[in-house]
Amino acid sequence: MSHQMPAGFTILAIETSCDETAAAVIRDGREIVANSVASQIDIHQRYGGVVPEVASRQHILTITPVINTVLAQVPGGWSAINAVATTYGPGLAGALLTGINTAKAIAWSRNLPFIGVNHLEGHIYASWLHTANDLAYQAPEFPCVALIVSGGHTALVLLNDHGDYRLLGQTRDDAVGEAFDKVARIMGLGYPGGPQMEKVARGVNPGALKLPRAWLRGTYDWSFSGLKTAVLNVVNDRLGERMEKVKLAEVDPAFTAQLAAAFQDSAVDVLVQKTVAAAREHKAKTIILAGGVAANTALRERLSATAKPIPVAYPPIWLCTDNAAMIGAAAYYRYQAGVQQDWSLDATPSLKLI
């Protein structure tokens, strides 16, 4: 049964699916009243990637201060909160449990509705958000085609309305963000790979250096494992026996930049072409670009240029990476549709959107 949503309905949202501890307060499903994200990037950089156990411990240490930070910005504090939401999957099990148990405790103790949100759905709803200074921002118009690109996911989804999703395509192996991270590691660019790759590739022409594109004709699916292997072979050919001893980025920065540009060009090309084709086939009124890789400037610019006249909606960079504001937005529309969880909700690390 759907819920009648009074004006000013305010949700405290929590996000702890990976290595960001985040909390936000969202009003009417769209307005960001308060938002705070505590990143763990500096902690995990020394390991070259996220260590689940370390992430979980850090969430436990950080969750209360982050929630207190956002509540301090809300007029009326706790009395202004109408519901509590949290991510329950997909993600790292231990990390998810921190957010779930915290949200349950708050909702139970204050007798508030408790709403579980799919992390991927949250990324989509980042494009519905605005701040108090941008009240004129228009929400995406249905039907939409959403390209979700992150470290763990690459998917193309048709949205006919709130909660009405259809999976059009997805990666058959590595997510594109994962491929960025792995290729950056192969070239010696460090972690996180995506921003490092974009930085060295910016304004660089790959020249004669061409990498394969896995078109997977007749589908809206992708495959990035072959592209990753192609980069590994190029680096191996370039360094030979030195590959185990030196990093390409240190001994040949110019070629590293060329290779990064070629990789980015290949990945962006197949993402854009399939997304635009799907949007035209399904007569989409909006294309939504969502997820951490949506922060990539080359992807934003090429998708916007290729999709014309279909508008492309993408959030500001600070809402592309994991945050709780997007969880609060998705939770509002779920609760409006009558979705509400009980205390048995558990972490679902491999949760599917559809």
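## Cavity

The structure holds 1 cavity of 30 Å³ or more. On a 1 Å grid over the protein atoms alone, a cavity is a set of points where a 1.4 Å probe fits but cannot get out, and lining residues have an atom within 4 Å of a point. Grid points are joined across faces, edges and corners, and a volume is the space filled by probe spheres set on the points. The largest cavity has a volume of about 30 Å³. Its lining consists of Pro212, Arg213, Ala214, Ser223, Phe224, Leu227, Ser266 and Val270. By class, 5 of the lining residues are nonpolar, 2 polar and 1 charged; Ala, Val, Leu, Ile, Met, Phe, Trp, Tyr, Cys and Pro count as nonpolar, Asp, Glu, Lys and Arg as charged, and the others, Gly among them, as polar.

## Basis of the values

The model is predicted: local features need pLDDT of at least 70, side-chain atom pairs count only at pLDDT 80 or more, and totals for chains, interfaces and linings use all residues. Residues are numbered from 1 along each chain as its sequence is written, and side-chain values use heavy atoms, with hydrogens and water left out.

## Pockets

A pocket is an open set of grid points with protein on both sides within 12 Å along at least five of seven lines. The largest pocket has a volume of about 1,100 Å³. Of the 35 residues that line the largest pocket, Ser150, Gly151, Asp181, Tyr191 and Gly292 lie nearest its centre. Two or more lining residues come from each of helix H4 (119-125), H5 and H6. Helices (H or I, at least four residues) and strands (E, at least two) are DSSP runs, numbered from the N terminus. H5 gives the most to this lining, with 6 residues. The lining of the largest pocket divides into 12 nonpolar, 15 polar and 8 charged residues.

The second largest pocket has a volume of about 390 Å³. It is lined by 20 residues, and Leu120, His153, Ala155, Gln170 and Lys352 lie nearest its centre. Strand E8 (154-161) and strand E9 (164-170) are the elements that give two or more residues to the lining of the second largest pocket. The largest share, 3 residues, comes from E8. By class, this lining has 10 nonpolar, 6 polar and 4 charged residues.

## Helix H5 against H9

The axes of helix H5 (residues 176-187) and helix H9 (residues 253-281) come within 11 Å and cross at roughly 170°. Axes are lines fitted to C-alpha atoms, for helices over the stretch in contact, and angles run from 0 to 180 degrees between N-to-C directions. H5 and H9 are therefore roughly antiparallel to each other (an angle over 145 degrees).

In the contact (heavy atoms within 4.5 Å), H5 supplies Val176, Ala179, Phe180, Val183 and Met187, and H9 supplies Thr256, Leu259, Ala260, Phe263, Gln264, Ala267 and Leu271. The contact of H5 with H9 has 10 nonpolar, 2 polar and no charged residues.

## Helix H6 against H9

The axes of helix H6 (residues 193-201) and H9 come within 8 Å and cross at roughly 115°. H6 and H9 are therefore roughly perpendicular to each other (65 to 115 degrees).

On the H6 side, Met197, Glu198, Val200 and Ala201 make the contact, and on the H9 side Ala257, Ala260, Ala261, Phe263 and Gln264. By class, the contact of H6 with H9 has 7 nonpolar, 1 polar and 1 charged residues.

Conventions. Angles under 35 degrees count as roughly parallel, over 145 as roughly antiparallel, 65 to 115 as roughly perpendicular and the rest as oblique.
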